[in-house]
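Let us read a protein model together, one feature at a time.

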Amino acid sequence: MSKNNSKDLTVGSPTGLILGFSLPLLLGMLFQQVYSLMDTIIVGRFLSVSALAAVGSTGSICFLIIGFCQGVCAGFSLPIAQRFGAKDEKGLKKYVGNAGVVSVIIAIIMTALTVLLCGHILTWMNTPSDIYDLAYQYLIVIFAGIPATILYNLLSGYLRSLGNSVIPVIFLIIAAVLNIGLDLLFILVFNMGVFGAAFATVLSQGISGVLCIIYIAKKVPLLHVSRDDLELDSSYVRNLMVMGLPMGFQYSITAIGSVILQTAVNGLGSIAVASMTAASRLSMFMMCPFDALGSTMATYSGQNVGAAKFERVKKGLISASVIGSIYSVLIFVALLFIANYLIYLFVSPSETEVVLQAHQFLLTNAFFYIPLVLVNTVRFTIQGMGFSGFAMFAGVAEMIARSLIGLVFVPIFGFSAACFASPLAWIFADAFLVPAFIHCLHKLQKTKSNQVTNL
């Protein structure tokens, strides 16, 4: 099998491979968060606190819907990584073609449903009346841009499944820089408000997807498909669904808890919403290394399972968890000194209540980053091993924890309770994931042992 523009993760030092693969991913995720950060900073600084709250009030529902699409695309890339590890070029191309067709169908359905239900969703979430119209303007554009989101995530997933984590990052950086420019143009020059911020994000994401198409067409013949590859095959589609839907539902199930929590915070008023918005945007930026390690482990474990090198999967997971834990300690110490200065990027220091609450939320979450390391590394490793259904149950655990905080404790203790929602969710997820990984690894090793015995 041709290895141009790809990387074999089944040989060499696990720690070195994981660092080498995850660093470009990290850079891309940092720039991806620039999308969110710049939207929020520009909206908060150049529009109003109400506009900031409006954008923030849509965060959890965006995570639910867009996260589902991203999860499905990530899941669709796992069989491709496994076929690449097994050196099965024919099967790889068939998966690429079938995943593309199924993704088009999903994009059409998801876009139609979310655009039609957008207003109802905001009403169900108890969106404060003073920010409802602004929230609708932002959310409707994000939903209409779902095809652009799926395009980039699917194609970048293809490339990463071959071990190429650099090119998707380059295109994402281009898109991030473009997004910043379009934000300023649409908001400051054309006075398009929050609608302009959302449109800039969607347009930039679409451009990054188109760049992936051009690159694959010119540089990655391994991903070129024939008409036969585009014809849906029930066995391939079934396996794609087994891999993709649990990952998509995992994001959505997790997000259901976030939506319930967001609804509870919405009930506290726009100041609380703005506080959580600023802190959440910063937290997402700080958590990029965990996401990068997780995505790395999905590809790493997928390739090594395809090559039947199960012990390397365990070694890789340990290495990734150690790397993430070291970062967790360092970033928490740093935030003790710089948290307020980061919050000032979003709101004026004179907004003392927003600053105080955002500081509390940010530091509380950062204190529990080590459990989050395990959530990402273990869950994505399990998915790469082919057990996406198991990983989905971790999302259920997170949903239960966030729902518990949102429904029971926020009404009693207010904003302070909301600060502990994610830490509790991570601990609940770990309680399931760690034993699940041990079970999955044992199951794979037992299968391999039986195959050898039968020979």
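Q: What radius of gyration does the chain have, and what would a compact globule with 455 residues have?
A: The radius of gyration is taken over C-alpha atoms, and the globule rule is 2.2 Å times the number of residues to the power 0.38. For 455 residues a compact globule would be near 23 Å, and the chain has 21 Å, which agrees. Along the principal axes, the C-alpha atoms fill a box of roughly 70 × 40 × 35 Å.

Q: What should I know about the model and its numbering before going on?
A: This is a predicted model, in which local features need pLDDT of at least 70 and side-chain atom pairs count only at pLDDT 80 or more, while totals for chains, interfaces and linings use all residues. Residues are numbered from 1 along each chain as its sequence is written, and side-chain values use heavy atoms, with hydrogens and water left out.

Q: How many helices and strands does the chain have?
A: Helices (H or I, at least four residues) and strands (E, at least two) are DSSP runs, numbered from the N terminus. Here the chain has 18 helices and 0 strands.

Q: Which residues have the most contacts inside the largest nonpolar core?
A: A nonpolar core is a set of buried Ala, Val, Leu, Ile, Met, Phe, Trp, Tyr and Cys residues joined through side-chain atoms within 4.5 Å; buried means under 20% relative accessible area, exposed over 50%, and partly exposed in between (1.4 Å probe, protein chains only). The largest core has 136 residues, and those with the most contacts inside it are Leu223, Tyr369, Ile382 and Met385. Helix α3 (residues 59–85) gives the largest share of this core, 12 residues. In the chain as a whole, buried residues make up 58% of the 455 residues.

Q: What is leucine 223 in contact with, leaving aside its neighbours within four places in sequence?
A: Contact means heavy atoms within 4.5 Å. The partners of leucine 223 beyond those neighbours include Leu92, Lys93, Val96, Tyr158 and Ile216.

Q: Where are asparagine 191 and alanine 308, and how do I read their phi values?
A: Most residues other than glycine have a negative phi. Asparagine 191, in the loop between α7 (167–189) and α8 (193–219), has a positive phi of about 55°, and with 63% relative accessibility this asparagine counts as exposed. Alanine 308, in the loop between α12 (288–306) and α13 (310–343), has a positive phi near 60°, and at 28% relative accessibility this alanine counts as partly exposed.
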